[in-house]
Amino acid sequence: MPENSPFTADLIISNIGQLVPCASAGKPKRGAAMLDVGIIENGAVAVAEGKIVGVGNSDDILRKFNADQNVDADGCVVCPGFVDPHTHIVFAGDRLNEFKLKIKGADYLEILANGGGIISTVKQTRAASEAELVEQSKIRLDKMLSCGTTTVEIKTGYGLDTETEMKMLAVIEELDKTHAIDIVPTFLAAHAIPPEFKSNANGYVDLICNTMLPQAWKWFVSSHFYGRVPFFADVFCEKNAFDLAQSKHVLETARSMGFRLKAHVDEFTNLGGSRLAIEMGAASIDHLDAISDEEVKLLAASNTIGVVTPAVNFNLGSSHFADARKLIDAGCAVALSTDYNPGSAPCPSPPMAMAIACRYQKLLPSEALNAATINAAFAVGMGNKVGSIEIGKAADLLVLDCRDYREIAYEFGGNLVASIYKNGRIQCIAR
Ligand code: NIG
Ligand code: FE
């Protein structure tokens, strides 16, 4: 571009009190680098064709660019749209009865072992039509968008039979086609042992490996996700769910077909799932409440992201949280998710997860913001496309009704999101 001829952009947002890019130069942030959010005071962002084309000081950007649309941020904070890297938002019904049982002291894994918990949502999800699931899940996506989420990972796992797991994938594809939030799909047939296989868990693992994973991969290849986002396979490696050998079988089979890997590990019990998933090159290992020091070292030395889910502990009324402070201090790349689901975390809000992470996992607000944006993007294989305000990335931007980005985690229970741009287009948000 010649020095003196301004480039025409579609949109410039200027007079940003604190522009908080969370830029990472192509890799997740680990250890002390998680403290750096790269604040630019009096910042501006220029956008063309849905992508970021300029980031910097307002005076510089306004000199370099003209735009059809100019937005004055009036001193507000602008940060990247949140990436929620672990959710289960396609389901039917609710778990309100279980909420009461939990308040009265019932244990999450005991409820599951007695045919409630995940299994009660499986029953409701099997009985729902595809259209009903789309309708109910769309309401959840709308809530997430209004909280600032612009990219989300969604897992299957409330079908636990081939037909319903495939129905969930169809719902995820329909949501992605019709909703502003971008979705990364994850196949989680290995979420719980279905009632039909209660005394034959290995039989269910065989069904997953021989029938469900191949069908899911076939679906992916002809879906509109193919070539745009990765497809993950996940397993719940836990007491009363899948043991280490079963988890290994599922993950190895999935990897051989082309899936990228994730694993629910150490949520309650350490079965060795973290080591297994790290050694298998998983993109992320999630929960980590019971991870061992040895495994923390392995995680720090790997390319796997550690995803923590503090809304789960909060919701279960537990005082024990994954030691995310220890993970970061050991040099791990940590991401933060809501884990939005009907049982362990009915929470659509990344800022709420950040608020809990700061108080109970001792993250600083800068660490929590990097964890909910750029590191979360890497946890879903999208780190080169979203999660930070960098030239060439999608213009997924939040204008926040505050002057200091630390308020995102400091205040809780409200919503500071004033406007949301997804691929450079402003979104209408229902409140
Ligand atoms: O990440 N742990 C397993 N899966 C979810 C909970 C799902 C549910 O309770 O419905 C989780 O916590
Ligand atoms: Fe989960």
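What arrangement do the 4 donor atoms around the iron ion (ligand 2) make? The legends below take up this question first and then turn to other parts of the structure, which is a predicted model.

**View 1. The iron ion (ligand 2) and its donor atoms.** In this predicted model, the iron ion (ligand 2) is coordinated by the NE2 atoms of His86, His88 and His264, at 2.0 to 2.1 Å. The arrangement is tetrahedral, because the 4 donor atoms around the iron ion (ligand 2) subtend angles of 91 to 120°, and four donors count as tetrahedral if all angles lie between 85 and 135 degrees.

**View 2. Where the donors of the iron ion (ligand 2) lie along the chain.** Followed along the chain, the donors of the iron ion (ligand 2) have the spacing H-x1-H-x175-H. His88 belongs to the loop between strand 6 (82-84) and helix 2 (96-103), whereas His264 is part of strand 10 (residues 260-265), so this pair ties together parts that are 176 residues apart in sequence. Both His88 and His264 are buried.

**View 3. The surroundings of ligand 1.** There are 15 residues around ligand 1, and those that come nearest are Tyr108, Tyr158, Glu267, Asp339 and Ser344. A side-chain N or O atom of His191 is 2.8 Å from a nitrogen atom of ligand 1, while a side-chain N or O atom of His264 is 3.2 Å from an oxygen atom of ligand 1. His86 also takes part, with a polar side-chain atom that lies 3.4 Å from an oxygen atom of ligand 1. On its own, ligand 1 has 320 Å² of accessible area, and the protein covers 100% of this area.

View 4. A disulfide is a covalent bond between the sulfur atoms of two cysteines. With the sulfur atoms required to be within 2.5 Å, the count for this model comes to 0 disulfides. Cys147 is in no disulfide, and the nearest cysteine sulfur, which belongs to Cys347, is 7.5 Å away. Because its relative accessibility is 12%, Cys147 counts as buried. Cys402 is likewise in no disulfide, with the nearest cysteine sulfur, that of Cys76, 7.2 Å away. At 4% relative accessibility, Cys402 also counts as buried.

**View 5. Thr186 and its polar contact.** Thr186 lies in strand 8, which covers residues 182-190. With a relative accessible area of 0%, Thr186 is buried, and its side chain makes a polar contact of 2.6 Å with the side chain of Glu153.

Notes. Residues numbered from 1 in each chain as written. Chains lettered and ligands numbered in written order. Predicted model: local features only at pLDDT ≥ 70, side-chain atom pairs only at ≥ 80, totals over all residues. Heavy atoms only, no water. Donors = N, O, S within 2.8 Å, 3.2 Å for Na, K, Ca; no water. Tetrahedral: all angles 85-135°; square planar, octahedral: opposite > 155°, others 65-115°. Helix = DSSP H or I, 4+ residues; strand = E, 2+ residues; numbered from the N terminus. Buried < 20%, exposed > 50% of the residue type's maximum accessible area, 1.4 Å probe, protein only. Near = heavy atom within 4 Å. Polar contact = N/O pair within 3.5 Å; in protein donor to acceptor, adjacent residues only side chain to side chain. Areas by Shrake-Rupley, 256 points an atom, 1.4 Å probe, with all protein chains shown as cover.
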